[in-house]
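Me: I have a structure to go through with you. Let's take it piece by piece.

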Amino acid sequence: MAGLNLLGVKGALELLAVSSPVVVPWPALGAVLAACAVAATVSAALPALAALRTRPVEVAGARE
């Protein structure tokens with residue numbers, strides 16, 4: 001979505017005959033991407049581990 005907005009701004013500036021390069025802060029973008037990947041992995045793994053620690057019979061409420 002942000003890429004489309006940047007392309008729109010660049011196109012509008014080119015119509016005004018103003019040359020402006022699109023500068024992307026790659027280190028910051030990479031850090032945010034890595035943080036999101038870690039958060040997604042942790043938030044997927046913790047509930048899965050919690051579900052695997054409990055026996056399915058106990059979750060269903062049945063007794064042996």
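Me: Which helix does Gly8 lie in?

Reply: Gly8 lies in helix H1. Helices here are DSSP runs of H or I with at least four residues, strands are runs of E with at least two, and both are numbered from the N terminus.

Me: Before we go on, what kind of model is this?

Reply: This is a predicted model: local features need pLDDT of at least 70, side-chain atom pairs count only at pLDDT 80 or more, and totals for chains, interfaces and linings use all residues. Residues are numbered from 1 along each chain as its sequence is written, and side-chain values use heavy atoms, with hydrogens and water left out.

Me: How far is Gly8 from Leu33 in space?

Reply: They are 24 Å apart, C-alpha to C-alpha. In sequence, Gly8 and Leu33 are 25 residues apart.

Me: What span should H1 have?

Reply: H1 covers residues 2-15, so its 14 residues should span 20 Å at 1.5 Å a residue. The expected span is 1.5 Å times one less than the number of residues. The end C-alpha atoms are 20 Å apart, which agrees.

Me: What comes just after H1?

Reply: Ala17, with a positive phi of about 65 degrees.

Me: How many salt bridges?

Reply: The count is one. The rule asks for a side-chain nitrogen of Lys or Arg within 4 Å of a carboxyl oxygen of Asp or Glu. Lys10 and Glu14 make the bridge, at 3.5 Å, N to O. They are four residues apart in helix H1, so about one helical turn separates them. Lys10 counts as partly exposed because its relative accessibility is 27%.

Me: Where does Val24 lie?

Reply: In the loop between H1 and helix H2 (26-53). Val24 is partly exposed, with a relative accessible area of 31%.

Me: What about the overall fold? How many helices and strands?

Reply: Three helices and zero strands. Along the sequence the pattern is α-α-α.

Me: What share of the residues is buried?

Reply: 0% of the 64 residues count as buried. The C-alpha atoms fill a box of roughly 80 × 20 × 5 Å along the principal axes.

Me: Where is confidence lowest, and where highest?

Reply: Lowest in helix H3 (residues 56-60), with a mean pLDDT of 71, and highest in H2, at 93. pLDDT is the predictor's confidence in each residue, from 0 to 100. The chain averages 85, and 92% of the residues score at least 70. Where pLDDT is low, the predicted coordinates should not be read in detail.

Technical notes. Buried means under 20% relative accessible area, exposed over 50%, partly exposed in between (1.4 Å probe, protein chains only).
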